[in-house]
Amino acid sequence: MSQGLQSKDSRATESEIGGNPVSFRVRQVTSVSEVCLMLEWAAAEEWHPGVYDAESSYRQDPTGFYLAEVDGVPIGGASLVKYEEHFAFLGYLITKPSFRGKGYARRIIEAILEAPGMSNRNIGLDGMTHLKDTYSRILGAQFAWKNSRFRGVGTDSFKGVERDDNPAALVSAKEVDFEHLCVFDTSVFGTPRPTFLKNWISQPGMVALAAVTTPEAGEDNECSKQTRTTGYGCVRLCVESYNDVNFSRKIGPIFAESAAVGSQLFKALVSSVPSGIPFYIDIPQPNENAMEIARETGLELVFETARMFTKGSGGVKCSMIYGLTTLELG
């Protein structure tokens, strides 16, 4: 059921919309189709959202998506998706162009922060770097690190960066024990997210690979006999533009315990991108090994974002992140 959230000033001033009073409210979305509307706006801004991200994201937290309406017409929105009981991530903050510069984005944030269960959560977000002070003022969020978005193009001759000779075996992520995959994901992301992960790797068209190590000959203790997950990575369909008949690709996440495994997963995922098709990957700048992979493979820097948190980074291990999952959900 839709929940209306009243901002501190529930009516816009006359000067905001052509001299006429208007009603303004922020409400929870009621279906995946309304999340799809937000992703359409994101595509128009060239954020290159994943084609099937709406359903994966909505299933993680159906109460975490919001639309802003003026006189009942959607003019913007945002998400504040909850993970477990202590963490949430702010994303998809957007207003339609004709409604910008009127304070609606700030009012959207203020409204959704008043939603039940938000007062004691650590909130993370990725925002444009020039807006760090704004997010700090509105949310009390503090800067943690910068992320870089890189763009590449698929090619038949891509060779990647070699760090080691086959440091791990790559298999479909669906072939490994899901609980083990969740444990590895949590060790990097900092917060358990099994519902999200299950839906994420199951998206149509998703290539999801896990890096596993197997026992070496001569090892006879019980620990060495177990297959161990040392990384995993995904590449999915995303929207290039409304004018492009082809979908581009977006890589994320790539989580790996070493540069060798991170490079191996990167190479395998990029190699799955058809020749001539653009792809994107978001990399935390503190992971110098990951940044080196991007530089050595000639990827183009598109833009930078600032990762911020209201209560600290919550155990996120940048050293193991060779590609962020998504700038919208963490």
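**Basis.** I worked from a predicted model, in which local features need pLDDT of at least 70, side-chain atom pairs count only at pLDDT 80 or more, and totals for chains, interfaces and linings use all residues. Residues are numbered from 1 along each chain as its sequence is written, and side-chain values use heavy atoms, with hydrogens and water left out.

**Confidence.** I looked up pLDDT (the predictor's confidence in each residue, from 0 to 100). The protein averages 89, and 87% of the residues score at least 70.

**Cavities.** I searched on a 1 Å grid over the protein atoms alone for cavities, sets of points where a 1.4 Å probe fits but cannot get out; lining residues have an atom within 4 Å of a point. Grid points are joined across faces, edges and corners, and a volume is the space filled by probe spheres set on the points. I found two cavities of 30 Å³ or more in the whole structure. The largest cavity holds about 70 Å³, and its lining includes Trp145, Phe189, Phe255 and Arg307. The second largest cavity has about 40 Å³. I noted Phe266, Ile281, Ala290 and Tyr322 among the residues lining the second largest cavity.

**Pocket.** I then turned to pockets (open sets with protein on both sides within 12 Å along at least five of seven lines). The largest pocket contains about 850 Å³ of space. Its lining has 34 residues, and Trp47, Leu93, Met128, Leu131 and Tyr135 are the closest to its centre.
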